[in-house]
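I opened this entry to keep track of what I looked up, in the order I looked.

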Amino acid sequence: MAAPPEWAQDLMLNALLYKGFDDIPELVWRHTKREVSSGVYSPRTKQIRIMAGSDRKDAKLVLLHEIAHFITPRKGSIFHTGIFWDITWDLYRWAKLPIRYCLKREGHYKKGATLAYHRIHKP
């Protein structure tokens, strides 16, 4: 296990400040040989764990996705609520991630991601 890269720590701190949070989860970082990243947020331990692939843009997306889990009020066992997706898309825009890439990456994951995208990006 490696220390999280400085850019990831900065992104997490700035995203939390942007959303008005001063509570900070522990960031655990591991590298993988894959291109894409994956992550998980544990509310019990207040840890964000990232398996970072080689694509930094994808690692940023996954990190912001997990940060959204950290700051979204939890509804029992339901993690991907409409509020969660609204926060997630707001973080993607704030971080200036390519929205089409985010939609492609998240769109296959949850129908709620696509609905929130269309709710926020009305013509």
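I count a residue as buried when its relative accessible area is under 20%. The model I am reading is predicted. I looked up Gln 47, which sits in strand β3, residues 47-52. Its relative accessible area is 16%, so Gln 47 is buried. I then listed what Gln 47 touches, leaving out residues up to four places away in sequence: Glu 26, Val 28, Val 40, Tyr 41 and Ser 42.

I moved to Trp 29, in strand β1, residues 26-31. Is Trp 29 buried or exposed? Its relative accessibility is 1%, and Trp 29 therefore counts as buried. I also checked the C-alpha to C-alpha distance from Trp 29 to Ile 50 and got 5.1 Å, for a separation of 21 residues in sequence.

I checked the length of α3 against its residue count. With 13 residues at 1.5 Å a residue, α3 should span 18 Å, and its end C-alpha atoms are 18 Å apart, so the two agree. Next I asked which residues of α3 are buried. I noted Phe 84, Trp 85, Ile 87, Thr 88, Trp 89, Asp 90, Leu 91 and Tyr 92. Just after α3, I found Lys 96 with a positive phi of about 60°.

I describe two packed helices by the angle between their axes and the distance between the axes. For helix α2 (residues 56-71) and helix α3 (residues 82-94), I have an angle of about 140° and axes 9 Å apart. The two helices are therefore oblique to each other. I recorded the crossing of α2 and α3 as right-handed. On the α2 side, the contact is made by Leu 61, Leu 64, His 65, Ile 67, Ala 68, His 69 and Ile 71. On the α3 side I listed Phe 84, Trp 85, Ile 87, Thr 88, Leu 91, Tyr 92 and Trp 94. Sorted by class, this contact has 11 nonpolar residues, 3 polar ones and no charged ones.

Helix α4 covers residues 99-107, and its axis comes within 10 Å of that of α3, crossing at roughly 145°. I noted this crossing, too, as right-handed. Which residues of α3 meet α4? They are Trp 85, Thr 88, Trp 89, Tyr 92 and Arg 93, and they meet Ile 99, Cys 102, Leu 103 and Glu 106 in α4. By class I have 6 nonpolar, 1 polar and 2 charged residues in the contact of α3 with α4.

Conventions: Residues are numbered from 1 along each chain as its sequence is written. This is a predicted model: local features need pLDDT of at least 70, side-chain atom pairs count only at pLDDT 80 or more; totals for chains, interfaces and linings use all residues. Side-chain values use heavy atoms; hydrogens and water are left out. Axes are lines fitted to C-alpha atoms, for helices over the stretch in contact, and angles run from 0 to 180 degrees between N-to-C directions. Helices (H or I, at least four residues) and strands (E, at least two) are DSSP runs, numbered from the N terminus. Angles under 35 degrees count as roughly parallel, over 145 as roughly antiparallel, 65 to 115 as roughly perpendicular and the rest as oblique. A crossing is left-handed if the near helix is turned anticlockwise from the far one by less than a right angle, and right-handed if clockwise. Contact means heavy atoms within 4.5 Å. Ala, Val, Leu, Ile, Met, Phe, Trp, Tyr, Cys and Pro count as nonpolar, Asp, Glu, Lys and Arg as charged, and the others, Gly among them, as polar. Buried means under 20% relative accessible area, exposed over 50%, partly exposed in between (1.4 Å probe, protein chains only). The expected span of a helix is 1.5 Å times one less than its number of residues.
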